[in-house]
Amino acid sequence: MTNPHGTPIWYELMTSDPDAASAFYGHVVGWSVGSYGGATVAGPDDYRIFSAPDGEGVAGMMRAPEGGPAPGWYGYIGVDDVDAAAAKVAESGGAVDMPPTTLDGVGRLAMVADPGGARFYVMKGASPEPSTSFKRMAPGHGEWNELYAADDKAALAFYADQFGWQKDGAMPMGPMGEYSFLSHDGGVIGAVMPAPPGERPRWNYFFRVGPIEEAKARIEERGGSLAHGPIEVPGGDWVIYALDPQGLHFGVVGSRG
């Protein structure tokens with residue numbers, strides 16, 4: 001992929017029930033579901049692709065492997081050199097959970113964790129086309145990448161060093177500290193905040209939907225639940241922190257009406 005180093009390029013769901021997740025996210029976010037390469041999904045263990053209404057791929061889904069990472073949503077960050085990126089994460093106090101691996105026709109990737117324990121992938125894709133998985137304001141695409149950090153100041157320094165991300169202003173949250181916005185390659189991509197009490201350090205990923213109240217209804221009618229929201233955010237959007245029927249965290253962003 002030709003995206004600049006440090007670009008969010010993909011999202012992936014590891015779940016205990018791919019069939020249920022396909023139906024849930026297709027209804028809630030408006031994704032269509034297919035298998036890698038565009039073939040019809042043939043079975044519950046296939047790697048599946050979630051595509052936005054514009055037909056562009058946004059995320060992948062697989063059955064959570066036994067003994068592997070915990071079920072949940074994981075993000076991919078594009079890098080120029082996967083081996084060098086993974087080594088730098090480890091040298092900076094993070095961890096390499098899956099060593100650099102090449103998948104034919106897909107690219108080279110590694111699963112890593114920042115020093116606070118939040119996991120993500122680094123990847124250099126095999127395709128010459130840029131990823132459009134993260135495309136703000138586009139229905140069904142990744143809209144926001146939010147880190148619950150064990151130490152927000154240390155996290156800002158870590159990600160700046162790894163990927164060139166910069167703090168781009170902050171919003172005070174009272175006793176909870178600051179909600180620090182992240183920019184990369186000329187655009188805001190997300191934010192870092194101290195992990196709320198009782199929450200583990202992790203990345204939260206938000207996807208663009210339409211009217212937020214309609215998204216709320218779709219979440220609840222298909223067995224999901226609301227952790228927080230809808231709440232208004234700067235710029236006039238509304239967000240929901242939600243859990244899918246398998247109890248996995250995700251978020252949606254939409255309009256009020």
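User: What does the accessible surface of the protein come to, and how much belongs to carbon and sulfur atoms?
Analyst: About 11,000 Å², and 54% of that belongs to carbon and sulfur atoms. Those areas come from the Shrake-Rupley method with a 1.4 Å probe, and for residues only the protein chains shown count as cover. Bear in mind that this is a predicted model: local features need pLDDT of at least 70, side-chain atom pairs count only at pLDDT 80 or more, and totals for chains, interfaces and linings use all residues. Residues are numbered from 1 along each chain as its sequence is written, and side-chain values use heavy atoms, with hydrogens and water left out.

User: What share of the residues is buried?
Analyst: 47% of the 257 residues. Buried is under 20% relative accessible area, exposed is over 50%, and partly exposed is in between (1.4 Å probe, protein chains only).

User: How many helices and strands are there?
Analyst: Four helices and 16 strands, as DSSP runs numbered from the N terminus (helices are H or I, at least four residues; strands are E, at least two). The radius of gyration is 17 Å, close to the 18 Å from the globule rule for 257 residues, so the protein is as compact as a globular protein of that length. That radius is taken over C-alpha atoms, and the rule is 2.2 Å times the number of residues to the power 0.38.

User: Switching topic: where is Asn3, and is Asn3 buried or exposed?
Analyst: Asn3 sits in the segment before strand 1 (8-15). Asn3 is buried, at 15% relative accessible area.

User: Which residues does Asn3 touch, leaving aside neighbours within four places in sequence?
Analyst: Ile9, Pro130 and Ser131, where contact means heavy atoms within 4.5 Å. With Ser131, a polar atom of the Asn3 side chain lies 2.8 Å from the backbone nitrogen.

How values were computed
Polar contact = N/O pair within 3.5 Å; in protein donor to acceptor, adjacent residues only side chain to side chain.
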